[in-house]
Amino acid sequence: MMRAARAVSDRPLSKSPHWSETRPAAAAEEVENSALVGNSTRRPELEDRRELEPRQVEKSALVGNSTSRGGFNGRKVCIGRKFDRCRFAVAVALAVLLLAGCGSPAAPAESAPPMAPESDVAPSPESTAGLLAMKKKAGIPDCPKSDPDIAPVRSGLPDVMLPCLGGGREVRLAGLRGKPMMINVWAQWCGPCREEAPYLADVATTNKSDLMILGIDHADPQPTLAIEFAQLSTWRYPQLADPDVVLRAALQITGPPQTFFVRPDGTIAYRHAGSFKSADEIRDAARKYLGVSP
């Protein structure tokens, strides 16, 4: 931003005598014809310009050309008592350009109020009922109950509340106790999740043990697509949701899929990062880390 010019005396700038009126005529003429703008300090390399005619000075030192200092770009520089008049003329020219550029725009269309981010918009009763209907049609059971009072354990599931995908009761992860669990973190947009989906469905279908299988739809802004994905994958086990990505920090999840094998006391026995390559690989992990054979 350009700083305002400081007055050379206590009187207003417009009433102050010009510097050429308070100096000897020779000195005034010398500075007036110099190439310095707003500065009375002499520069040796410009001494040979003192004898130039005013027109020559204007063309050589005040108008940008191939030998002038960078930054002028062909613009005329105002000096001495011409400064105020030139600055006023430049201001007027800029105002005219701005007015010409704006023109007379057509009346703007009535704008709708800004919408809040999707995560901040409360679902309407119609959308909630629609998701519940989709969830029921997909055969996804309700989410399990969790203990709201039991204390979280060290090296266990984080003490966070997650909604049930498609609606239903919320689940406190740290309050899930009493059964061995396999918790699969997935997303409908995740390619590796699609690859391992049939293996998870196979294990869940043949599971005759007390292993509880849960899914968590992670970082997924479209629950309708998530429910559709779970339906096409024939997952017939409860599904939670993590729309606010709270598990990214709580479980250090860099991306799905990830599967956690959890003991009945709530401690995490094993984390499998990435997708499983077969249903037998899942069963082997359940036997090894939880002692169950789904």
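Modeller: Happy to. A disulfide joins Cys143 to Cys164, with an S to S distance of 2.0 Å; a disulfide here is a pair of cysteine sulfur atoms within 2.5 Å. This is a predicted model, in which local features need pLDDT of at least 70 and side-chain atom pairs count only at pLDDT 80 or more, while totals for chains, interfaces and linings use all residues. Residues are numbered from 1 along each chain as its sequence is written, and side-chain values use heavy atoms, with hydrogens and water left out.

The torsion about the S-S bond of Cys143 and Cys164 is about 90 degrees, so this disulfide is right-handed. The pair links distant parts of the chain, 21 residues apart. Cys143 sits in the loop between H4 and strand E1 (161-162), and Cys164 in the loop between E1 and strand E2 (171-172). Names like these refer to DSSP runs numbered from the N terminus: helices (H or I) have at least four residues and strands (E) at least two. Cys143 counts as buried at 2% relative accessibility, and Cys164 counts as buried at 6%. Buried means under 20% relative accessible area, exposed over 50%, and partly exposed in between, using a 1.4 Å probe and protein chains only.

By this rule the count comes to 2 disulfides, and the other one brings us to helix H5 (residues 191-206). Here Cys190 is joined to Cys193, with S to S at 2.5 Å. Its S-S torsion is about 80 degrees, so it is right-handed. Cys190 is buried, with a relative accessible area of 3%, and Cys193 is buried too, at 1%.

Cys193 is one of the buried residues of H5, along with Glu196, Ala197, Leu200, Ala201 and Val203. A handy rule for reading such a list is that an α-helix has 3.6 residues a turn, so residues three or four places apart point the same way. What covers the buried residues of H5 includes strand E3 (181-186), strand E4 (212-218), helix H6 (223-232) and helix H8 (279-290). Ala197 also marks a kink of about 40 degrees in H5, shortly before Pro198. That bend is the angle between axes fitted to the seven residues ending at a residue and the seven starting there.

Trp235 belongs to the largest nonpolar core, which has 30 residues. Together with Met182, Trp186 and Phe261, it touches the most other members. The elements giving two or more residues to this core are helix H4 (125-138), E3, H5, H6 and H8.

Key: Contact = heavy atoms within 4.5 Å. Core = buried A, V, L, I, M, F, W, Y, C linked by side-chain atoms within 4.5 Å.
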